[in-house]
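Here are a few exercises on rings, charges and strands, each with a worked solution. Have a go before reading on.

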Amino acid sequence: MTVIFDIQHLYYLPQYLPVLAELTKHDVACRFVFYRQAEAELQKVCEEVIANEQLDAVWVDNWSQALAHYTREQADWLVFGNAVNDLDQLHRVSKTVLMQHGIGPKQCYYDVSANPTTVRFVEGQHRLNRLQALYPNSNFVDTGFAKLDPAFNAPHALLTLEALGLDSSKPTLLYAPTFYPSSIECFAKTFAQDFSEFNIIVKPHFFSLSKDKYHKQRRLLQQWAQAKNVYLAPVSDYNLLPFMALSDVMISDASSAIFEFAALNKPVVWCDFYKLRWSYRGIFSFRFKQRLNDDIEFFHQITERVEHYQGLKHAVTEAFREPNKLASKRIEMTAQLAGATDGQVSKRITDYLVSNK
């Protein structure tokens, strides 16, 4: 049996690696398709990841080359982290899987199933019910979110504060913003000093660090990184999970990381303030609302919401002081939006793939 994982972006990989580990136990041949990167630094990072993870990988320049490769290889399963074209052609030679790379509140979480893969693995009853209502002829299986498995199985083996050059006697704050709509440019230049009593791990979205259009975000991130209490994760730190396992409180914005951290039953502070392009403001504000799904309403139930940077310090301090304040609600919402958190998601996915090859 052969399974090929499509790596359109490097940040898809953390969702795949736990499944890879389980498939390997069943002697399944696992291969990876990476797309060559225009940025030399990013290409180098991808090559290093392939070497470090000992992945059986091939390179393609674009989807046309990937499609030709998949047609030749005729693997039992092709695994994708987002919607792809040409499913009719792929289904002549292979079965296909959608494992969405995030569980956030953006509308694309639901839209990507308009073109149905053989199966889509989903996270929790709420998401399952909504997808089945939208696409009644598609095949959805509630497995949970595979990316989180290592945090439940061996969290202390993932990373240490000392390895990041941080102070193990201090509480640790994780700031994990998305690239758009993002809160980064609404933060003060003095962020590191304002929170000097904390370790601060800053883990931006992949695009904030790699795309030219987000150079203003990078300038601010690099300024914070000069402080001794800050670790700015580089592009090579592509996996957010070790930082989540290490941190006490997380702050984020319109990111799926909020659901992921809440699934670990740790407190989250939601920055409900964003730097919006002019085309998303005023009479065009409907575009911002369209970009986000109604699932963002769940943020209100599992986070401490902050509407401006000036209120952030108080909310973070309270989250550290009362970490269990929203614990029962986090557990309830996690069951709906992330599914089972038993560390066995990858096993369920593997069992399905092996049984239905």
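**Exercise 1.** Find which charged end sits over the ring of Phe 195.

*Solution.* Start from the ring centre: the charged end of Lys 313 sits over this ring, 5.3 Å from its centre. The test is NZ of Lys or CZ of Arg within 6 Å of the ring centre and within 35 degrees of the ring normal. Next, run the search on Tyr 110: the charged end of Arg 130 sits over that ring, 4.3 Å from the centre.

A word on the model: it's predicted, so local features need pLDDT of at least 70 and side-chain atom pairs pLDDT 80 or more, while totals for chains, interfaces and linings use all residues. Residues are numbered from 1 along each chain as its sequence is written, and side-chain values use heavy atoms, leaving out hydrogens and water.

**Exercise 2.** Work out how Tyr 70 and Phe 80 pair.

*Solution.* Rings of Phe, Tyr and Trp (its six-membered ring) pair if their centres lie within 6.5 Å; planes under 30 degrees apart are stacked, over 60 edge-to-face, the rest tilted. The whole structure has 28 aromatic pairs. Here the centres are 5.9 Å apart with 85° between the planes, hence edge-to-face. Then check burial (under 20% relative accessible area, 1.4 Å probe, protein chains only): Tyr 70 has 0% and Phe 80 has 1%, so both are buried.

**Exercise 3.** Identify what stands opposite Ile 201.

*Solution.* Strands are DSSP runs of E, at least two residues, numbered from the N terminus, and two pair if DSSP finds at least two bridges. Strand β9 (residues 199–202) runs parallel to β10, joined by 3 bridges. Across from Ile 201 you'll find Tyr 231 in β10.

Conventions. Helix = DSSP H or I, 4+ residues; strand = E, 2+ residues; numbered from the N terminus. Buried < 20%, exposed > 50% of the residue type's maximum accessible area, 1.4 Å probe, protein only.
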